[in-house]
Amino acid sequence: MSAISEACKKAREEWKPELIIEQIPYAKLLGIETLMMGDELFYVLPPSKGNVGNPTLPALHGGAIGGFLEFAASLHLMMTLPTQVTPRVVDISVDYVRPGRLEPLYALCTVVRQGRKLVNVSVNCWHRSRDESVATARGHFLVD
């Protein structure tokens, strides 16, 4: 069993998604964190100058936002589905709605449809209000 598979199993048992984040260098590079509020698991991209794409505004780099959304969806599947493998991206589409400011960016994932091997996930991210999206993503992931 791989280190990520073991971390995934332990993370679900103890409900500690940070155990998975620690195993994925890109997630650590971005600084991704999680936050549990009630029964909802939120994903957080804390402000970091390393994630800035436009220093004049300053605004987050679109690639950092896209990577955050993709990882949030993958982590959500690893935490909520009984899979022992890292979900593989089939496709992902990101809609950038507003500039990402240099402040905490929050995301919430929703499994739209789950088949035997393919899962469709929707992700929405925002700064201060869920009603003011910074970006949204829709992705398909293989979980076999």
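Buried means a relative accessible area under 20%. The model examined here is predicted.

Q: Which residues of helix 1 are buried?
A: Helix 1 covers residues 3-14 and reaches 16 Å from its first C-alpha to its last, close to the 16 Å expected at 1.5 Å a residue. Within helix 1, the buried residues are Ser 5, Ala 7, Cys 8, Ala 11 and Arg 12.

Q: How many residues apart are Phe 42 and Trp 126?
A: Phe 42 and Trp 126 form an edge-to-face aromatic pair, with 6.1 Å from centre to centre and 85 degrees between the planes. Phe 42 is in strand 2 and Trp 126 is in strand 7, so the pair links distant parts of the chain, and the separation is 84 residues.

Q: Is Phe 42 buried or exposed?
A: The cut-off for a buried residue is under 20% relative accessible area. Phe 42 has a relative accessible area of 5%, so Phe 42 is buried.

Q: Which side chain does the side chain of Asn 124 join in a polar contact of 2.5 Å?
A: Asn 124 has its place in strand 7 (residues 118-126), and the residues that Asn 124 touches include Tyr 106, Arg 130 and Ser 133. The polar contact of 2.5 Å joins the side chain of Asn 124 to that of Ser 133.

How values were computed. Residues numbered from 1 in each chain as written. Predicted model: local features only at pLDDT ≥ 70, side-chain atom pairs only at ≥ 80, totals over all residues. Heavy atoms only, no water. Helix = DSSP H or I, 4+ residues; strand = E, 2+ residues; numbered from the N terminus. Polar contact = N/O pair within 3.5 Å; in protein donor to acceptor, adjacent residues only side chain to side chain. Contact = heavy atoms within 4.5 Å. Expected span 1.5 Å × (residues − 1). Buried < 20%, exposed > 50% of the residue type's maximum accessible area, 1.4 Å probe, protein only. Phe/Tyr/Trp six-rings, centres within 6.5 Å; stacked < 30°, edge-to-face > 60°. Lists of a residue's contacts leave out its neighbours within four places in sequence.
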